[in-house]
Amino acid sequence: MAGLLHPGLVILSGAGLSAESGVPTFRGVHGLWEGHRIEDVATPEAFQRQPDLVHRFYNLRRAALKSVVPNAAHDALVRLEQGWPGPFLHITQNVDDLNERAGAKKLLHMHGQLRQVRCLWCRCVLEWNTDLEVSTPCPECGRTGRLRPDIVWFGEMPYYIDEITRALQTASVFVCIGSSGVVYPAAGLVRLAAESGCARRIEVNLEPADVSGRFTELRQGPATREVPQLVEELLADLSR
């Protein structure tokens, strides 16, 4: 890496980053939650059919954040962000706020955030830390029935696609942490990185993802072990 003055670095993190903090994914072996398919509580159509059920699902997920804290992998990524001299972007598929609590600043939530809600009447986006009900009025416009979690559901377009694409087009290093490689368009980011000339593409995972063949390196193991080690290596490479 000595020949690169300011290499660009892009991180993509998935559920495996927060799993060791105790953040539940709510997707079991059969993809069920209290007898419901995840798709039945995570689509615009589900919200139209059963808004009370959808709110209950996300109220539980939001409340669960109070009992978890960032782990060593979150902390290591903040050290990397602060120590990286070139362009840096952390894209996360996770909807928790553990990266922010660890101190992350250059972060994009492509699938939204649990601690935000969006009004379908007035389009405002608000910080939200309590339960949300169908009858809850929007603090901005006062109307009810159309406040929803600010989460990208199945069938909806993820946030920040243009910013993510631009970052990958100039990245020299792409690191994917704890992502299954089955949810698109996130799973396609490594292909975009490769096609854009990103020479070093590193996967950190308990098990190789479905798109592992597009990476140049695999670090297999828990994020709390592998991510801090990788961060130290990347920062050390800068001084060589």
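## Overall architecture

The chain has eight helices and 11 strands, where helices (H or I, at least four residues) and strands (E, at least two) are DSSP runs numbered from the N terminus. This is a predicted model, in which local features need pLDDT of at least 70 and side-chain atom pairs count only at pLDDT 80 or more, while totals for chains, interfaces and linings use all residues. Residues are numbered from 1 along each chain as its sequence is written, and side-chain values use heavy atoms, with hydrogens and water left out.

The C-alpha trace of the chain spans about 60 × 35 × 35 Å along its principal axes. For 240 residues, a compact globule would have a radius of gyration near 18 Å, and the 19 Å of the chain agrees with this. That radius is taken over C-alpha atoms, and the globule rule is 2.2 Å times the number of residues to the power 0.38.

Six strands form an open sheet with parallel pairing, in the order 5-4-1-9-10-11; two strands pair if DSSP finds at least two bridges between them. Strand 5 (107-109) and strand 11 (217-220) stand at the edges with a single partner strand each, so one side of each has no neighbour in the sheet. From one strand to the next, the twist averages 15°.

Within this sheet, strand 1 (residues 8-13) and strand 4 (residues 88-92) run parallel and are joined by five bridges. Leu12 stands opposite Ile91 in strand 4.

## Helices across the sheet

Helix 4 lies across strand 1, strand 4 and strand 9 (171-177), and runs at about 150° to strand 4. Helix 6 (residues 161-169) lies across strand 1, strand 4, strand 5 and strand 9, at about 120° to strand 9. Such angles run from 0 to 180 degrees between N-to-C directions, and axes are lines fitted to C-alpha atoms, for helices over the stretch in contact.

## Packing of helix 4 and helix 8

The axes of helix 4 (residues 72-83) and helix 8 (residues 223-238) come within 8 Å and cross at roughly 15°. Helix 4 is therefore roughly parallel to helix 8, a term for angles under 35 degrees, with those over 145 counting as roughly antiparallel, 65 to 115 as roughly perpendicular and the rest as oblique. The crossing of the two helices is left-handed, that is, the near helix is turned anticlockwise from the far one by less than a right angle.

Contact means heavy atoms within 4.5 Å. The residues of this contact divide into 12 nonpolar, two polar and two charged. Here Ala, Val, Leu, Ile, Met, Phe, Trp, Tyr, Cys and Pro count as nonpolar, Asp, Glu, Lys and Arg as charged, and the others, Gly among them, as polar.

## Surroundings of Ala102

Ala102 belongs to helix 5 (residues 98-102). Its C-alpha lies 6.1 Å from that of His74, although Ala102 and His74 are 28 residues apart in sequence. Neighbours within four places in sequence aside, Ala102 is in contact with Pro70, His74, Asp75 and Val78.

Strand 6 (residues 112-119) runs antiparallel to strand 7 and is joined to it by three bridges. Gln116 has Glu127 as its bridge partner in strand 7.
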